[in-house]
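Subject: Structure for you to look over

Hello,

Here is the structure I promised, sequence included. Please open it alongside this note; my findings follow below.

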Amino acid sequence: MMILIAEFFVVILKVLWAFVTAGCKWVVRPKEKSVAGQVCVITGAGSGLGRLFAKEFARRRAILVLWDINSQGNEETAEMVRQIYHELDTPITKDGPVGGVEEVPPFQPQVYTYVCDVGKREHVYATADKVRRDVGNVDILINNAGVVSGHHLLECPDELIERTMVVNCHAHFWTTKAFLPKMLELNHGHIVTVASSLGLFSTAGVEDYCASKFGAIGFHESLSHEIKASEKEGINMTLVCPYLVDTGMFKGCRIRKEIEPFLPPLKPEFCVKQSMRAILTDQPMICTPRIVYMVNFMKSILPFEAIVCMYRFWAPTSACTRFWLRGRRR
């Protein structure tokens with residue numbers, strides 16, 4: 001019993017220390033790590049957030065591996081990445097052997113594109129094998145690909161429900177199983193789950209999307225605990241939970257018009273920059289805007305009827321009652 005009590009007090013101290021260190025990070029911004037030369041796989045890179053993530057990692061000289069089901073969009077992203085590489089292609093100098101100065105060719109990062117339907121397990125594993133042969137070991141995995149059907153439950157075909165679940169949730173299992181073993185062997189890597197605020201709290205009209213994002217977050221959190229338990233300190237996990245992002249996926253999905261000027265859909269560029277800051281400082285979770293943290297906390301402590309009243313205040317006809325676009329991809 002004494003051992004149990006002693007361990008309990010140690011846990012309390014560790015919890016308090018975690019609060020202190022978290023507070024310090026709010027005051028003193030952690031230094032961003034370098035990803036230059038590291039291999040970064042991004043799913044859903046052909047448009048939206050995936051394209052913006054690719055451009056941000058390119059500016060940091062990472063080697064990009066772009067996956068998307070849309071070959072044309074993926075190649076367009078690759079061309080943007082090559083342009084960024086070209087702009088960064090400036091020679092550096094160092095002291096020569098006899099006191100002079102000589103130019104050293106800068107490191108030349110590359111971009112690779114693969115057509116991959118992440119909703120098909122065999123396709124994911126086959127593409128992962130190609131990546132290992134063509135590029136090498138993967139250092140960073142960005143699970144970004146996502147779809148939304150935009151239908152109420154009883155109006156949504158079963159095929160679209162299955163597609164949403166497979167792409168938004170199951171695909172994370174396949175991609176992680178493909179690349180995590182080598183990360184564990186090397187004790188080095190970073191896995192990013194691009195989820196949604198609708199994976200923390202739900203709304204009406206997007207049952208399949210909310211379920212898929214809840215599943216993705218549950219998978220991410222469970223895997224985080226598993227990696228911590230394995231004492232692989234070199235592997236980091238980051239969960240990204242943005243509010244509605246103005247990428248076209250949720251066009252027509254709006255909150256109360258009187259409130260919307262104060263809480264408009266997020267600009268994709270802002271969302272990705274905030275996410276990049278979290279990734280490069282090994283932050284476990286990032287919610288944008290910060291009010292999402294408060295809403296998630298209130299959902300955890302308020303009675304269900306109180307939550308219903310809040311939802312009706314924010315969006316009297318439901319935030320996602322109707323979509324103008326169907327079956328959109330991130």
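Predicted model: local features only at pLDDT ≥ 70, side-chain atom pairs only at ≥ 80, totals over all residues.

Helix α4 passes α5 in a right-handed crossing. α4 covers residues 121–134, and α5 covers residues 158–186. Their axes come within 9 Å and cross at roughly 30 degrees. With the cut-off for roughly parallel set at angles under 35 degrees, α4 and α5 therefore count as roughly parallel to each other.

Which residues of α4 and α5 meet? From α4 come Arg121, Val124, Tyr125, Ala128, Val131 and Arg132. From α5 come Trp174, Thr175, Lys177, Ala178 and Phe179. By class, that contact has seven nonpolar, one polar and three charged residues. The spacing on the α4 side is worth a look on screen. An α-helix has 3.6 residues a turn, so residues three or four places apart point the same way.

The crossing is right-handed. On the α2 side, the contact is made by Leu49, Leu52, Phe53, Glu56 and Phe57. On the α7 side are Pro268, Glu269, Cys271, Val272, Lys273, Ser275, Met276 and Ile279. These residues divide into nine nonpolar, one polar and three charged.

Helix α2 in its surroundings

α2 runs over residues 48–59. Its 12 residues reach 17 Å from the first C-alpha to the last, close to the 16 Å expected at 1.5 Å a residue. How many of the 12 residues of α2 are buried? Nine are, so the helix is largely enclosed by the rest of the structure. The buried residues are Leu49, Gly50, Arg51, Leu52, Phe53, Ala54, Glu56, Phe57 and Ala58. Arg51 and Glu56 are on that list, and both are charged by class.

What covers them? The cover includes the strands β1 (39–43), β2 (63–68), β6 (140–143) and β8 (189–194). It also includes the helices α3 (71–88) and α7 (268–280). After α2 comes Arg61, whose phi is positive, near 65 degrees.

Ala45 lies in the loop between β1 and α2. Buried or exposed? Ala45 has 0% relative accessibility, so it counts as buried. Leaving aside neighbours within four places in sequence, Ala45 is in contact with Gly50, Arg51, Leu66, Trp67, Asp68, Asn74 and Thr77. Gly50 and Arg51 are themselves among the buried residues of α2. Ala45 and Thr113 are 68 residues apart along the chain, and their C-alpha atoms are separated by 9.2 Å.

Backbone points to check

Most residues other than glycine have a negative phi, and most peptide bonds are trans. A few places here depart from that, so please look at them.

- Thr288 to Pro289: this peptide bond is cis, with omega near -5 degrees. Pro289 sits in the loop between β10 (285–288) and α8 (291–301).
- Asn187: phi is positive, about 55 degrees, although this residue is not a glycine. Asn187 is in the loop between α5 and β8. Its relative accessible area is 32%, so Asn187 is partly exposed.
- Glu231: phi is positive here too, about 60 degrees, and again this is not a glycine. Glu231 is in the loop between α6 (207–229) and β9 (235–242). At 63% relative accessibility, Glu231 counts as exposed.

Tyr311 is in helix α9, residues 304–314. At 28% relative accessibility, Tyr311 counts as partly exposed. Tyr311 and Ser202 are 109 residues apart in sequence, yet 9.6 Å apart in space, C-alpha to C-alpha.

The chain as a whole

The chain has nine helices and 11 strands. Of its 330 residues, 45% count as buried. Among contacts with a separation of 6 or more, 72% join residues 24 or more positions apart.

Best wishes

Definitions and conventions
Residues numbered from 1 in each chain as written. Heavy atoms only, no water. Axes fitted to C-alpha atoms, helices over the stretch in contact; angles between N-to-C directions. Helix = DSSP H or I, 4+ residues; strand = E, 2+ residues; numbered from the N terminus. Parallel < 35°, antiparallel > 145°, perpendicular 65-115°, else oblique. Left-handed = near helix turned anticlockwise from the far one by under 90°. Contact = heavy atoms within 4.5 Å. Expected span 1.5 Å × (residues − 1). Buried < 20%, exposed > 50% of the residue type's maximum accessible area, 1.4 Å probe, protein only.
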